[in-house]
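Subject: Structure handover

Hello,

Here is the structure for you to pick up. Please load it first, then read the notes below it.

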Amino acid sequence: MKKTLLLCFYILSGIILGAMIAQLCAGVRGLSWLAYSQGVRLTPAMDLSVVRLTLDFYMGISVAQILTIGLAIFLYNRSHIR
């Protein structure tokens, strides 16, 4: 349980740090490739003639986030928590 929570913390930290790095590097010449991102959107809708329910789910990930998530997993494996 402790290892699972630690792994989730490392990955979440990698996602947040990667998003911050991507925003900072977006306008910098030579580092703007870190801000390149791709997104996936899922918008299911249910129309019952009286009520219409629409859900919107969007997930985007940048190059910087991929790198920092990889670094977070590497650091998790290097930490010797028993």
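Where is the place of S49? S49 sits in the loop between β2 and β3. Note that this is a predicted model. The phi of S49 is near 70°, a positive value in a residue other than glycine. Most residues other than glycine have a negative phi. S49 also counts as exposed, at 71% relative accessibility.

**Confidence**

The average pLDDT of the protein is 90, and 96% of the residues score at least 70. Confidence is highest in α2, at 94. It is lowest in strand β2 (residues 45-47), at a mean of 90.

**Overall layout**

The protein has two helices and four strands. Along the sequence they follow the pattern α-β-β-β-β-α. The radius of gyration is 18 Å, well over the 12 Å that the globule rule gives for 82 residues, so the protein is more spread out than a compact globule. Taken along the principal axes, the C-alpha atoms fill a box of roughly 55 × 45 × 15 Å. Buried residues make up 15% of the 82 residues. Take the contacts between residues at least 6 apart in sequence: 55% of them join residues at least 24 apart.

**Helix α1**

Helix α1 has 24 residues. From its first C-alpha to its last it reaches 34 Å, close to the 34 Å expected at 1.5 Å a residue. Which residues of α1 are buried? They are G14, G18, A22 and C25. The cover over the buried residues of α1 includes β4 and α2.

S62 gives a view from the β4 side. This residue is found in strand β4 (residues 57-62). S62 has a relative accessible area of 5%, so it is buried, the cut-off being under 20%. Leaving aside neighbours within four places in sequence, S62 is in contact with G18, A22, L34, A35, Y36 and S37. Two of those partners, G18 and A22, are among the buried residues of α1.

**Aromatic pairs**

A pair of aromatic rings is described by the distance of the centres and the angle of the planes. How many aromatic pairs does a search of the whole structure find? It finds two. In the pair of F9 and Y10, the ring centres are 6.4 Å apart and the planes are at 90°, so the pair is edge-to-face. F9 is exposed, with a relative accessible area of 53%. In the pair of Y10 and Y76, the centres are 6.0 Å apart and the planes are at 70°, so this pair is edge-to-face too. Y10 lies in helix α1 (residues 2-25) and Y76 in helix α2 (residues 63-78), so the pair ties together parts that are 66 residues apart in sequence. Y76 counts as buried, at 17% relative accessibility. Ring pairs link F9, Y10 and Y76 into a cluster.

Not counting residues up to four places away in sequence, Y10 touches A72, L75, Y76 and S79.

**Salt bridge**

Side chains of opposite charge can pair when their charged atoms come close. Which residue forms a salt bridge with R41? The partner is D56, and the closest N and O atoms are 3.3 Å apart. R41 lies in strand β1 (residues 37-42) and D56 in the loop between β3 (52-54) and β4, so the pair ties together parts that are 15 residues apart in sequence. Both R41 and D56 are exposed. The structure holds one salt bridge.

**A last residue**

L31 is placed in the loop between α1 and β1. Its relative accessible area is 37%, so L31 is partly exposed. L31 and Y58 are 27 residues apart along the chain, and their C-alpha atoms are separated by 25 Å.

Best wishes

Notes
Residues are numbered from 1 along each chain as its sequence is written. This is a predicted model: local features need pLDDT of at least 70, side-chain atom pairs count only at pLDDT 80 or more; totals for chains, interfaces and linings use all residues. Side-chain values use heavy atoms; hydrogens and water are left out. Buried means under 20% relative accessible area, exposed over 50%, partly exposed in between (1.4 Å probe, protein chains only). Contact means heavy atoms within 4.5 Å. Rings of Phe, Tyr and Trp (its six-membered ring) pair if their centres lie within 6.5 Å; planes under 30 degrees apart count as stacked, over 60 as edge-to-face and the rest as tilted. A salt bridge is a side-chain nitrogen of Lys or Arg within 4 Å of a carboxyl oxygen of Asp or Glu. The expected span of a helix is 1.5 Å times one less than its number of residues. pLDDT is the predictor's confidence in each residue, from 0 to 100. The radius of gyration is taken over C-alpha atoms; the globule rule is 2.2 Å times the number of residues to the power 0.38.
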